[in-house]
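Thanks for coming. I will take one chain and go from a single residue out to the whole. Please have a look at it first.

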Amino acid sequence: EVLCLPIVGCGPVPEQGEGVDVSACAAVAPGGSCAVVCEQGYQDASSTYECSDENTDPAQPPAGDLVDCVPHQCTTPPTTAGYDYASCLSKPTGGSCSVGCSEGHVATGGDGNM
């Protein structure tokens, strides 16, 4: 027996991990494509995903390659005598760190926060 199934759009591309933006691939028309890209703060990388023009399974995501998004690293903090920047090393862009006083130094004035 022959079945005639309707051609439908593809389902969403599954989440791929930290820094990967799959939002453009939430719904892709039959024969259409979308781009999976790295979010701001990550090295540029992308992959094109394509939905078959004969797709009959609405749960089937478009086909494409995984994207590996590597965080940009912040530049090395300045070396200013009296300050301890150790917690700021190798932080990704957008990350935060605490700057304190190095051994032999004490914070004065204000509330002690830097």
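A residue is called buried under 20% relative accessible area, exposed over 50%, and partly exposed in between, with a 1.4 Å probe and protein chains only. This is a predicted model, where local features need pLDDT of at least 70, side-chain atom pairs count only at pLDDT 80 or more, and totals for chains, interfaces and linings use all residues. Residues are numbered from 1 along each chain as its sequence is written, and side-chain values use heavy atoms, with hydrogens and water left out.

Start with Ser47. At a relative accessible area of 10%, Ser47 is buried. What does Ser47 touch, not counting residues up to four places away in sequence? The answer is Cys34, Ala35, Val36, Gly64, Asp65 and Val67, where contact means heavy atoms within 4.5 Å. The side chain of Ser47 also reaches the backbone oxygen of Asp65, at 3.0 Å.

Ser47 lies in strand S3, residues 46-50; strands here are DSSP runs of E, at least two residues, numbered from the N terminus. S3 belongs to an open sheet of three strands, ordered S1-S2-S3 with antiparallel pairing. S1 (20-21) and S3 are at the edges with a single partner strand each, so one side of each has no neighbour in the sheet. Two strands pair if DSSP finds at least two bridges between them; S1 and S2 (residues 33-38) have two. Val20 is opposite Cys38 in S2.

Now the whole chain. It has five strands and zero helices. Of its 114 residues, 22% are buried. The C-alpha trace spans about 85 × 25 × 20 Å along its principal axes.

Technical notes: Helices (H or I, at least four residues) and strands (E, at least two) are DSSP runs, numbered from the N terminus. A polar contact is a pair of N or O atoms within 3.5 Å; within protein, one must be able to donate a hydrogen and the other to accept it, and residues adjacent in sequence count only if both atoms are side-chain atoms.
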